Amino acid sequence: MAASQIANLVEGFVGHDDNANVTTDISNTNKVEGAQDTGEKIKATVWAGKNKVEIVDMPKPRVIDRRDAVIKVTGSTICGSDLHLYHGVIPQLEKGDVLGHEFCGVVESIAPDVSGCKVGDRVVASFPIACGQCRNCQMELTSACERTNSNTITNAMYGKRTSGIFGYSHFTGGFAGGQAEYVRVPNADVNLLVLPEDVPDEKGLYLSDVLATAYHCVVDTGVKEGDTVAVWGAGPIGQMVVEFSFQQGASRVILVDGGNGAWRLEFVKSKIHNVETLNFTDLTRRESVTSKLKEMVPGGVDVALECAAGEYAKGWTHYLEMLSGAETDTSEILNEMITSVRPFGRIGVTGVYAGYTNHFNIGAIMQTGIRFIGNGQAPVQKYWKHLLELIREQKINPLDMVTHVVQLTDVPKLYKLFEQRTTGMQKVFVRTRHSLPPSPEAPALIDLANVA
């Protein structure tokens, strides 16, 4: 929290760069003069401080730039990476910022230069905001767009640009998110995909992040025919990584989880029967994740895929270092992966790591020839048309992840339950007052007041 406040002060003193071709830092329309045309108010989920979100009324967003669209949100969700914001560990998050980077809806208004969609179209938005024109966008590396994030701290810290991201703090451009009734989408011709009639919102929504992120993790790390793969984290990303690993030809996939998320191992196994599981909670003091994996796969796995993130310390050393600000992320899972893969094996990191870590086993990477791959934020636009066709051909079913459907007004309770990894809660579909009639395949709407 203190680091985030310092980053805000530094950014305010230094100022933004001039690279962005869109209007940034409109993550809270209550703070922006002229953010509305009609005076209409909308409901939106905002960060209200560490471990606290609220539903508030704020001005309706409007078209500002010539490639903008305003979307009437019909579905959104909560992601494991939203918890990093909830906990206040992502730099430059401000109270009142609208959250949510995964959403779908109906185009309500568009600016003059928008092509590829029209008013009334059902669409899904990509979580990275791309320009479609810069060098990286031309290479389909849209999450590294050079023209949608003018934040100087991000550029200095990483030594290169990242794209803007919806609902993910001023560190990623300061764009209002989609856990709301309306949202402004910059460069709509690049960042919106029209959904066909045979793909309901409850399936199409997940093209915004989870499907593309999981697919990118697998293909970017090079999972291939005959590989043995270990996956850390049995949440929705991990679940889809398991499925895509098998589709890419993996002979075995072992899913690792434990603690209050251990129930997810059996949940995933109920959907993907040939996955093997490893519950680290069940290990004895003489066992470790590495020793158990090498017992299951002598010599080590070919590929290790990280779908958990660096926020969750297992031991006291990292817990205290993170608490004191000596590091932003723990290296414990990364080190488990390093010692669990075979020599010259491959590691892919798709869980969110924000900054710096200590006690990282760099020697093992160099000495044993490990290919250590930061997958980066997924370039959604590179994959979403292919993934849409897989949905239409019934080769993947996003609803295999979805366990709950709730109303937008229940999102504050949802964050608390999701953080606790409440038994049975995997992926959620959040409805608004604009939502279409529910798909018959989707779970029934529930009132979270009745969920312990």
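Analyst: Patches are made of residues with over 30% relative accessible area and no salt bridge, with like charges joined within 9 Å and nonpolar side chains (Val, Leu, Ile, Met, Phe, Trp, Tyr) within 5 Å; a salt bridge is a side-chain nitrogen of Lys or Arg within 4 Å of a carboxyl oxygen of Asp or Glu, and accessible areas come from the Shrake-Rupley method with a 1.4 Å probe, where for residues only the protein chains shown count as cover. The model is predicted, so local features need pLDDT of at least 70 and side-chain atom pairs count only at pLDDT 80 or more, whereas totals for chains, interfaces and linings use all residues. Residues are numbered from 1 along each chain as its sequence is written, and side-chain values use heavy atoms, leaving out hydrogens and water.

The surface patch consists of W316, Y319, L320 and L323, which together have about 510 Å² of accessible area. Y319 belongs to helix 11, residues 316-324 (helices are DSSP runs of H or I with at least four residues, strands runs of E with at least two, numbered from the N terminus). Because its relative accessibility is 42%, Y319 counts as partly exposed, the class between buried, under 20% relative accessible area, and exposed, over 50%, with a 1.4 Å probe and protein chains only.

Helix 14 is followed by Q394, whose phi is positive, near 60 degrees.

Among the strands, strand 3 (residues 69-76) and strand 4 (residues 103-110) run antiparallel and are joined by seven bridges, where pairing requires that DSSP find at least two bridges between two strands. V70 has S109 of strand 4 as its bridge partner.
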